[in-house]
Amino acid sequence: MNVSELEVRLGELADQAVAELAQVARKEDAIQVKNRYLGKKGVVQELMQVLPSLAHEDKRIAGQASNQCKSAIEQAYEGQLARLERDELARRMESERIDVTLPARRPPVRSGHPLRQVEEELIDIFAEMGFDVAEGPEIESDFYNFEALNFPPDHPARDMQDTFMLDDGRLLRTHTSPVQIRTMLGYAPPLRVISPGRVYRVDSDITHSPVFHQIEGLLVDTNVTFADLKGTLAHFAERCFGPGTPVRFRPSFFPFTEPSAEVDIGCIFCACKGCRVCSNTGWLEVLGSGMVDPNVFDAVGIDSKKYTGFAFGLGVERIAMLKLGINDIRLFFENDLRFLRQF
Ligand code: DAH
């Protein structure tokens with residue numbers, strides 16, 4: 001092949017490649033075409049193998065012709081890529097057009113967890129009666145959770161509350177009663193507080209959860225009697241479960257109260273007639289209560305000759321289950337939106 005033939009051939013190849021590039025619809029195809037012509041083993045390279053056999057002056061001409069051919073193909077390649085990108089963008093602008101007339105999605109309306117709703121309702125009832133809210137830590141020492149509450153070491157009453165112990169000897173509080181101690185150590189009577197919060201016990205079934213919520217009540221003043229306790233809780237029952245809800249006090253035992261009483265309300269499902277929920281007794285147990293034991297006053301340095309008081313403790317889950325008609329305590333903690341959205 002002489003140099004003029006080579007020039008013609010290079011010109012043809014360039015035209016051919018430019019025409020092919022103009023046809024491709026995808027970036028990958030453009031790359032392929034370019035490589036077929038300009039690659040290391042491409043057609044142009046192959047053609048240029050004649051170069052060593054050419055005369056010196058012809059080599060220069062052949063080199064120029066080959067460069068022209070290459071840059072024509074490269075230019076066509078770049079041009080086609082740019083075109084493809086433009087087309088792609090135009091296509092996306094068309095198909096992904098934003099419909100500004102579409103109404104915005106509303107954020108879900110927050111209503112609060114059912115337990116929190118009930119807890120707030122209960123706090124409001126006691127706030128109306130002049131109780132302040134006091135809070136305490138969930139990690140407690142034996143002193144606050146047991147000892148100062150008149151649980152002697154090794155006393156079987158401690159076994160009533162299966163306790164999560166920490167390695168350092170502290171524990172997860174088993175009830176909110178330790179806040180009674182913290183309040184009495186921190187403030188002088190008269191006192192009137194409730195303490196809502198989380199408590200922990202090694203216990204789990206459809207009515208027990210290892211973490212649950214209580215509201216503690218404590219009132220300390222001169223001349224406080226069991227009648228005050230009774231009146232307070234009777235009023236609470238009516239505010240919480242509706243006017244005319246009867247209450248019943250049953251003798252019980254708690255180390256930190258003497259006397260102690262378990263408080264029942266008349267069954268709200270059968271009007272005290274007896275049904276499955278109240279096991280045919282007509283009554284539902286809702287809280288524990290009693291007069292503050294003088295030993296507790298001694299432990300916190302309050303003069304039990306001068307002051308008396310009452311205390312009570314209620315389970316928020318228990319009350320929420322009764323008020324909302326929920327039969328499995330675990331539903332509160334599973335975070336299933338199908339459940340939570342109902343409240
Ligand atoms: N702390 C008790 C418990 O968790 C409940 C309780 C009973 C609290 C009687 C009191 C009370 O303040 O007087 O089982």
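Which residues in α1 meet which residues in α4? The legends below answer this and cover further close-ups of a predicted model, in which local features need pLDDT of at least 70, side-chain atom pairs count only at pLDDT 80 or more, and totals for chains, interfaces and linings use all residues. Residues are numbered from 1 along each chain as its sequence is written, and side-chain values use heavy atoms, with hydrogens and water left out.

**View 1. Packing of helix α1 on helix α4.** Helices α1 (residues 3-23) and α4 (residues 56-95) pack with axes 9 Å apart and at an angle of about 5°. This makes α1 roughly parallel to α4 (angles under 35 degrees count as roughly parallel; axes are lines fitted to C-alpha atoms over the stretch in contact, and angles run from 0 to 180 degrees between N-to-C directions). Helices (H or I, at least four residues) and strands (E, at least two) are DSSP runs, numbered from the N terminus. From α1, Val3, Leu6, Glu7, Leu10, Ala14, Ala17, Val18, Leu21 and Ala22 meet Asp58, Ile61, Ala62, Ala65, Ser66, Cys69, Ala72, Ile73, Ala76, Tyr77 and Gln80 of α4 (contact means heavy atoms within 4.5 Å). The contact has 16 nonpolar, two polar and two charged residues (Ala, Val, Leu, Ile, Met, Phe, Trp, Tyr, Cys and Pro count as nonpolar, Asp, Glu, Lys and Arg as charged, the others, Gly among them, as polar).

**View 2. The largest pocket.** The largest pocket holds about 1300 Å³ of space (a pocket is an open set of points on a 1 Å grid where a 1.4 Å probe fits, with protein on both sides within 12 Å along at least five of seven lines; lining residues have an atom within 4 Å of a point; a volume is the space filled by probe spheres set on the points). Among its 48 lining residues, Thr207, His208, Glu285, Gly315 and Arg318 are the closest to the centre. Strand β8 gives the most to this lining, with eight residues. By class, the lining has 22 nonpolar, 18 polar and eight charged residues.

**View 3. The second largest pocket.** The volume here is about 220 Å³. Lining residues include Pro108, His113, Leu337, Arg341 and Phe343. Six of the lining residues are nonpolar, three polar and two charged.

**View 4. Surroundings of Thr163.** Thr163 sits in the loop between α6 (142-145) and β3 (171-172). Leaving out residues up to four places away in sequence, Thr163 touches Phe146, Leu171, Leu172, Thr174 and Val202. Pro210 is 47 residues from Thr163 in sequence, with 9.8 Å between their C-alpha atoms.

Terms used: Parallel < 35°, antiparallel > 145°, perpendicular 65-115°, else oblique.
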